[in-house]
Amino acid sequence: MPSITIMAKAITNSRPIQARWFCVRMAASVVAMFAGLSGALADGSAFSSQLAFPGAQGFGAGAIGWRGGDVVAVTTLDDRGPGSLRACAENRGEARVCIFTVSGTISLATPIYLGANLYVAGQTAPGDGVQIRNAASTHTPLILKNVTDVVVRFLKIRPGPSKTPSPTVDAVTVENARRIYLGNLSMGFATDETFNIHVSNATAADITLADSLLALSLDRSTHPKGKHSKGALICSDEGSDNACGRITLLRNLFAHHRDRNPDIKATSIGPVEVINNVFYNPISQFGEFYDLLGETRIAYVGNVALTGPSTIWRTPEAVQVFNWNDATDVALMVRDNIASTANGCRKRNTRVLDREAKRSQIPDTDITLTTPALPSDQVLETVLARAGDQILPNRQPDALDARVLDDVRHCTGAVIDRVDQVGGWPDLRIAPAITDSDGDGFPDDWEAQTPGLDPAEPDDPWQPAHSGGTSNLELWLAQLAGDGT
């Protein structure tokens with residue numbers, strides 16, 4: 001293994017402190033706690049027995065290329081420069097973990113292109129965490145393009161309208177990427193789709209989006225096509241020889257989008273799983289599944305689709321299938337879903353499947369899920385309790401997320417055109433900066449209560465914390481995220 005460089009700033013004074021260098025061998029037991037949790041992918045290939053973190057699920061759970069890398073502290077909310085998120089995340093593919101000693105809003109002039117072998121650990125930020133928005137940028141804030149092994153957790157990504165018309169303002173875009181895990185993100189105020197997986201003359205596969213909140217995309221805003229409030233677009237494409245699949249959408253909340261809740265295409269490399277999500281208050285459509293890219297296999301299991309105040313009276317089905325290519329088909333495995341009206345709204349007749357979706361059904365044993373599904377009657381409260389950038393009891397949903405969660409519970413809210421219709425970007429609670437006296441990346445208070453660590457002596461983050469083999473760093477990240485170690 002390479003030597004470990006830990007770069008962090010002490011927050012007790014204004015001068016950056018360069019921590020000492022460590023040259024260590026990463027013990028083979030570091031990942032022992034992740035072993036034995038394997039399964040089989042639907043295409044028969046081996047699913048990694050090493051998980052990105054305890055409880056990682058879905059096709060992207062094997063995103064582990066960042067292990068053994070540098071630990072770099074984000075110490076400023078500036079767009080760029082030393083200590084910025086950009087300086088850490090645009091890492092040229094070198095294994096790296098980005099931790100945060102500050103909280104607040106980062107305003108971007110240009111997108112941040114995340115590098116490969118990266119873990120952006122938003123759970124380490126104090127206070128209400130970190131919110132990312134656009135300033136002068138006319139593009140998606142966070143872009144994962146041509147990369148592998150990336151984990152991004154516990155951030156708020158809310159770009160807002162571009163200064164000039166732009167067709168490329170998602171919250172997060174994943175393009176030609178593999179082994180990606182995105183979890184507990186709060187995404188909103190996009191003017192294109194909120195979340196996009198794209199493929200261009202390449203492959204996009206082994207991706208998980210889990211426990212995230214996608215809400216309040218802007219409808220009549222700065223997209224050149226006009227009305228464009230969209231949820232998620234899975235496997236959009238350009239060029240040829242594309243492969244896209246082995247994608248998991250798990251326990252996410254979609255709220256207040258015109259349509260694309262979600263839109264899905266795929267190819268024969270593997271299925272797209274839509275498991276235990278909540279879809280609330282579209283205008284015109286919930287899920288739209290197409291065969292235009294290739295043979296599309298979709299598992300739609302344990303989801304809840306709820307109409308709301310913005311939904312047209314000709315109620316859309318939860319799933320609409322469009323078999324438009326004579327050479328390919330959508331194959332749809334459906335089990336235990338709910339289509340209904342949110343509590344507090346006038347009841348209406350809703351259905352899970354449209355006519356073409358019923359014709360596209362395959363036996364519910366034909367696709368093997370990567371993770372067990374909750375019963376659909378448990379999904380609503382489970383998703384509301386964990387979706388977005390919340391880590392109870394330490395980090396509550398901010399004002400915007402709390403508003404969306406309340407909308408789902410009481411059938412309120414609407415698709416919006418402008419951010420000021422919901423009070424704009426929240427002012428995040430700014431907590432005292434984290435103190436790391438010895439510059440090893442770990443807060444003093446955590447080291448003081450952790451056996452074997454010393455807040456006055458730099459410690460090796462990859463040293464196993466105990467006989468179980470988990471490294472000090474992974475133990476700390478998992479504890480902060482509530483991963484159940």
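A residue is called buried when its relative accessible area is under 20%, exposed when over 50%, and partly exposed in between (1.4 Å probe, protein chains only). The model is predicted, so that local features need pLDDT of at least 70 and side-chain atom pairs count only at pLDDT 80 or more, while totals for chains, interfaces and linings use all residues. Residues are numbered from 1 along each chain as its sequence is written, and side-chain values use heavy atoms, with hydrogens and water left out.

**View 1. Arg-246 in strand β16.** Arg-246 belongs to strand β16 (residues 243-250); helices (H or I, at least four residues) and strands (E, at least two) are DSSP runs, numbered from the N terminus. With a relative accessible area of 8%, Arg-246 is buried. Its phi is near 55°, which is positive although the residue is other than glycine.

**View 2. Asn-184 in strand β11.** Strand β11 (residues 178-188) contains Asn-184. Asn-184 is not a glycine, yet has a positive phi of about 55°. Because its relative accessibility is 8%, Asn-184 counts as buried.

**View 3. Helix α6 and its surroundings.** Eight of the ten residues of helix α6 (residues 472-481) are buried, among them Leu-473, Trp-476 and Ala-481. The buried residues of α6 pack against α5 (444-448) and against strands including β2 (70-74) and β9 (148-157); contact means heavy atoms within 4.5 Å. Just after α6, Gly-482 has a positive phi of about 70°.

**View 4. Two cis peptide bonds.** The bond from Asn-261 to Pro-262 is cis, with omega near -10°, and Pro-262 lies in the loop between β17 (253-255) and β18 (263-264). Leu-392 and Pro-393 are also joined by a cis peptide bond, with omega about 5°. Pro-393 is located in the loop between α3 (379-386) and α4 (399-410).
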